[in-house]
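Please read the points below with the model open beside them. Each point takes up one part of the fold.

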Amino acid sequence: MENKDQIQKNINFVWKEFQEQQRGIKQVQTKLNQKEKLNQNQKRKEKEIKMSEEENFEQGESGSSHTYPMQAGNVKKNAYAMLRGFPCKVVEMTTSKAGKHGHAKATIVGVDIFTGKKYEDSCPTSHNMEIPFVKKNEYQLIDIADDGYVTLLLDNGETKEDLKLPEDEPELVEKLRADFSAEKDILVSVISAMGQEKIISYRETSGAKS
């Protein structure tokens, strides 16, 4: 009888040990699963942060880059170029023969697209110079305020109200105001470069460009 009791005790002891081991294994497995889950979440967050940083970098690059390089010898008349730090339309381009240092020289004359001021610059034809990104857009004119600010209709249906009539072109402004007062449908032409914008001309939607 005692042997049977002892055997049963041994069985119970072994069973408890087995259960304890199983619980220990489950706890270890649970911790491993939790650690793996944390690692996966961390990797996911790092990936999201990296993607966000890359997107912000690309947006920053596209937003801050107003120019691109071009060899001076490839700049053409009626094109655009940065002269003395100003965005200009090229009105004259001359090239001299190579001198004793072996470099041909380009002399470029241009007119500032915003002020009309003339600038001249020279550099070897093989050297890069900065070329501004220049855009031209047309917007429907909705209103002209007394202080000269205009309200323009954008393609997406929103309005643009941060642009003013050009003070250095009184004839254009006078004619534009007169045509707008006559309730004509007007499209305003806006040039933009280097973070600046200017109204350069306009036209009636069914008429010739002014």
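The points that follow go from the whole chain to its sheets and then to a pocket.

1. Basis. This is a predicted model, in which local features need pLDDT of at least 70 and side-chain atom pairs count only at pLDDT 80 or more, while totals for chains, interfaces and linings use all residues. Residues are numbered from 1 along each chain as its sequence is written, and side-chain values use heavy atoms, with hydrogens and water left out.

2. The chain as a whole. The protein chain has two helices and eleven strands; helices (H or I, at least four residues) and strands (E, at least two) are DSSP runs, numbered from the N terminus. Along the sequence the pattern is α-β-β-β-β-β-β-β-β-β-α-β-β. Of the 210 residues in the protein chain, 23% are buried, which is to say under 20% relative accessible area with a 1.4 Å probe and protein chains only. Among contacts in the protein chain with a separation of 6 or more, 48% are between residues 24 or more positions apart; a contact is a pair of heavy atoms within 4.5 Å.

3. The four-stranded sheet. Four strands make an open sheet, ordered S2-S3-S4-S5, with antiparallel pairing; two strands pair if DSSP finds at least two bridges between them. Its edge strands are S2 (80-83) and S5 (118-124), each pairing on one side only. From one strand to the next the twist averages 45°; axes are lines fitted to C-alpha atoms, for helices over the stretch in contact, and angles run from 0 to 180 degrees between N-to-C directions. S2 and S3 (residues 86-96) are joined by four bridges in the antiparallel sense, and Ala81 has Cys88 in S3 as its bridge partner.

4. The five-stranded sheet. Another open sheet has five strands in the order S9-S8-S7-S10-S11, also paired antiparallel. S9 (159-164) and S11 are its edge strands, each with pairing on one side only. Neighbouring strands of this sheet are turned by 45° against each other on average, direction ignored. Helix H2 (residues 170-181) packs on the sheet and touches S7, S10 and S11, its direction making about 50° with that of S11. Eight bridges pair S10 with S11 in the antiparallel sense, and Val188 stands opposite Tyr202 in S11.

5. Which residue in the turn between S7 and S8 has a positive phi? Gly148 does, at about 95°, in a hairpin with four residues between the strands. S7 and S8 (residues 149-153) run antiparallel and are joined by four bridges, with Ile144 opposite Val150 in S8. The hairpin of S8 and S9 has five residues between the strands, and there Gly157 takes a positive phi near 95°. S8 and S9 pair over four bridges in the antiparallel sense; Leu153 has Thr159 in S9 as its bridge partner.

6. The largest pocket. Its volume is about 200 Å³. On a 1 Å grid over the protein atoms alone, a pocket is an open set of points where a 1.4 Å probe fits, with protein on both sides within 12 Å along at least five of seven lines, and lining residues have an atom within 4 Å of a point. Grid points are joined across faces, edges and corners, and the volume is the space filled by probe spheres set on the points. The lining includes His66, Phe133, Lys135, Met194 and Glu197. S7 (135-144), S10 (186-193) and S11 (196-204) each give two or more residues to the lining, and S7 gives the largest share, three residues. The lining residues divide into four nonpolar, five polar and two charged. Here Ala, Val, Leu, Ile, Met, Phe, Trp, Tyr, Cys and Pro count as nonpolar, Asp, Glu, Lys and Arg as charged, and the others, Gly among them, as polar.

Terms used
Buried means under 20% relative accessible area, exposed over 50%, partly exposed in between (1.4 Å probe, protein chains only).
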